[in-house]
Amino acid sequence: MHPTVALWTAVGLAGYCLLPWYGLRDNFFTFSWLLDGWPLSGDVAPALFLVLQGEKLWLAPMGLLLLAPLLLWKRRKQEPLFGALLILVGATGFTWFMLQGFGIGLRGFQWQWLTALFGELDIRQFGMGWGAVLVGSAFLFLFTLGLAARGAVGGDEFVVGSIGFVIAAVALFIFMPILQMFASALVTQDGDYSLAVFLQKMFSDRLWGLGCLSGGPRCGVAWNSLFLAILVGVVTTALGLVFALMVTRTGFRHGTLLRALTVLPIITPPFVIGLAIILLFGLSGVVTQGFAEIFDVQPTRWVYGLPGLLIAQVLAFTPIAFLVMIGVVEGVSPSMEEAAQTLRANRWQTFVTVSLPLMRPGLANAFLLGFIESMADFGNPLVLGGNFDVLSTEIFFAIVGAQYDQAQAAILAIVLLFFTLGAFYAQRFWLGRKSYTTVSGKGDSGVHPQLPGGLRWTVYGIAGFWTLFTLFIYVTIFYGSFVKLWGVDFSLTFDHYVKSFAIGWTEFGLHWRGAAWSSFWTTMQIALISAPLTAAIGLLTAYLLVRQNFAGKDAFEFGTMLSFAIPGTVIGVSYVIAFNVPPIEITGTGIILVLSFIFRNMPVGVRAGVASMSQIDRSLDESSLTLGANSWQTFRKVVLPLLRPAILAALVYSFVRAMTAISAVIFLVSAQYDMSTSYIVGRVENNEYGIAIAYSAVLILVMLAVIGVMQLLVGSRNIGRRADEGDLSQSRTNVSLPNRVQPAFTGGG
């Protein structure tokens, strides 16, 4: 039999005959059933055993279909029957697999026509386990093997299988949860569907009221979120531009130090900055109390609400805008600015009419990122929101509050998604189809003109003030972790660190006594599992987008990038709604956290891979394929070694996001799988600010250490033609081709 067909047939039969079809006991994440002996009873029996016992006969057709590929024994791939049979088996098996999973619910058949056809079913559906996962995967890849045998995408099995895998994963873990969330918005408290109730909640005064404009106490939650997000987007974009101009257009000599400073807010848990603002500007804050004593005024709670939220989010998201803007500002070719000055434009006219318009893509992307991050931010509004309610916190309280109204949470999430997708398309409309290309390969001085004198000093003033303010905030964060009780007792102590991370010895060995160790190790485990998986799926998707041509490629790219525009809060709500019931019952497990991180952060790996792969000439791939390597060998030995910067970027971003995320995590954690950020939120709610800040300081140091280790493991990309200039004998490359074709590249760069 064809080896790949044999492999996936064996995988499917193993899942059907040996592994538990349902996962009730372990919920996917542990394998204790292996220690309990052969699983032939209860909820961990394999499908074959259940069918032989006459319990779940609807599983029988899948076992028969898995035997069908044996008909291809000694058949050649070129025969028409080969591909046709695999397509039929894969499509039929996968369709039946999905129907038996979603067609049966907690109360029997989901649809009336099934009840009418087969009668009442007294057996409810359970969450599928590892056996079901392997069988579903086998049918999927048998189907893609059939398509490849029929000539799809040049008959390349690896490429067709990769496309099928990515489409299935995105459909299952992005589109399906979002669609189920939309459907749950129509459900009433009685479990019925009602458009009238949906419209009543969707257009309620709580969401869209404008009472604040007519002297009322507050406006609707939707307007609050939109107004805050626009403010944050504008201010962070402006500050990002200021810092980018200071580094590139003023002769500033400490750009490396400034870039290093931008890393701190990115690796800081999102609500920690809000805590520091409370410690400084809250009712008992140092600055507030000092100001009250000096000017003999009554201290107020002014920082709670819009002012505090704006300060915290601008502090947290300005570095992201700077990282976007620095590349765009540096990318403006000096030749365009030189041409304007040659035509007697002064520095101010050159900047306003030439430089700034060419930075429009960076400005649009920086605003979009600031807008989406503000919309999705959960930690800072929870800490500083006061009476200024926003969508993210309202969604949280609709799910975890006493009301537990999934429909209300879904409606709020739909409004949030509408805003973010609206900003996404508004950005694309503003950029239009204009060309912003300035690097053409023609010679220029390579030196950007300096900013006008007045503008330069303005940039210095704004950047200097904001840098000092940021440093002041971070000094407060680290100092606050050693203060016994902020605002009351400023004596220094290690009690917060000891209480959280104490280690002791017992008669049984090492004992992690600190209260924070459980959430810390869980967070590290989840982050270290999800980061490489996110990078792998993202880079594989980038390879398909850049190197392959296939029908529906544009829709494929849109689907993989959709989660970029979906806030984490929406992801969290949709996962709770979709995966809280069978057939995919993984709420409360570690795997739901891993999946949420993978598909939330995957677009970063995709874009990093696309950007890097676009710079690699296709001739390298073609040479490898011509010399006998297949697509998998070419991807693994030629392309991947050249993608080390993209691999590192995807790994670092995914790891940091998993360590610091809160908006989706807060809905998905459980008693067994508690994450660091949710633990810190709990300490904040108990007014244990010292412990919360101490834990955050430890997380920052750990993330810096892990990022350093990742850099060492991934290494750097060496694409220079010579290791030592002038010494041709030392020419080398890190690209590895199959052994039989290596001599053709000996000494090549």
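**Overall composition and local features of the predicted chain**

Of the 749 residues of the chain, 52% count as buried (buried means under 20% relative accessible area, exposed over 50%, and partly exposed in between, with a 1.4 Å probe and protein chains only). The model is predicted, so that local features need pLDDT of at least 70 and side-chain atom pairs count only at pLDDT 80 or more, while totals for chains, interfaces and linings use all residues. Residues are numbered from 1 along each chain as its sequence is written, and side-chain values use heavy atoms, with hydrogens and water left out.

The chain holds 32 helices and six strands (DSSP runs numbered from the N terminus, helices being H or I of at least four residues and strands E of at least two). Among contacts between residues at least 6 apart in sequence, 73% join residues at least 24 apart (contact means heavy atoms within 4.5 Å).

Strand 5 (residues 503–506) and strand 6 (residues 509–512) run antiparallel and are joined by four bridges (two strands pair if DSSP finds at least two bridges between them). The hairpin between strand 5 and strand 6 passes through two residues. Thr-506 is placed opposite Gly-509 of strand 6.

Four cavities of 30 Å³ or more were counted. A cavity is a set of points, on a 1 Å grid over the protein atoms alone, where a 1.4 Å probe fits but cannot get out; lining residues have an atom within 4 Å of a point. Grid points are joined across faces, edges and corners, and a volume is the space filled by probe spheres set on the points. The volume of the largest cavity is about 130 Å³. Helix 11 (255–266), helix 14 (306–331) and helix 21 (453–480) each supply at least two residues of its lining. Residues lining the largest cavity include Phe-243, Leu-258, Phe-322 and Trp-466. This lining has eight nonpolar, four polar and no charged residues (Ala, Val, Leu, Ile, Met, Phe, Trp, Tyr, Cys and Pro count as nonpolar, Asp, Glu, Lys and Arg as charged, and the others, Gly among them, as polar).

Helix 21 also contains Trp-457 and Thr-476. Trp-457 counts as exposed because its relative accessibility is 59%. Trp-457 and Met-246 are 211 residues apart in sequence, and their C-alpha atoms are 9.6 Å apart in space. Thr-476, with a relative accessible area of 5%, is therefore buried. The side chain of Thr-476 reaches the backbone oxygen of Phe-472 at 2.8 Å. Leaving aside residues up to four places away in sequence, Thr-476 touches Ala-276, Leu-279, Leu-280 and Trp-486.

Ser-481 lies in the loop between helix 21 and strand 3 (483–485) and counts as buried because its relative accessibility is 0%. The side chains of Ser-481 and Tyr-497 make a polar contact at 2.7 Å (a pair of N or O atoms within 3.5 Å; within protein, one must be able to donate a hydrogen and the other to accept it, and residues adjacent in sequence count only if both atoms are side-chain atoms).

Most residues other than glycine have a negative phi, and most peptide bonds are trans. Lys-74, in the loop between helix 3 (60–67) and helix 4 (80–102), has a positive phi near 70°. Lys-74 is exposed, with a relative accessible area of 72%. Pro-582 and Pro-583 are joined by a cis peptide bond with omega of about 10°.

Key
On a 1 Å grid over the protein atoms alone, a cavity is a set of points where a 1.4 Å probe fits but cannot get out, and a pocket is an open set with protein on both sides within 12 Å along at least five of seven lines; lining residues have an atom within 4 Å of a point.
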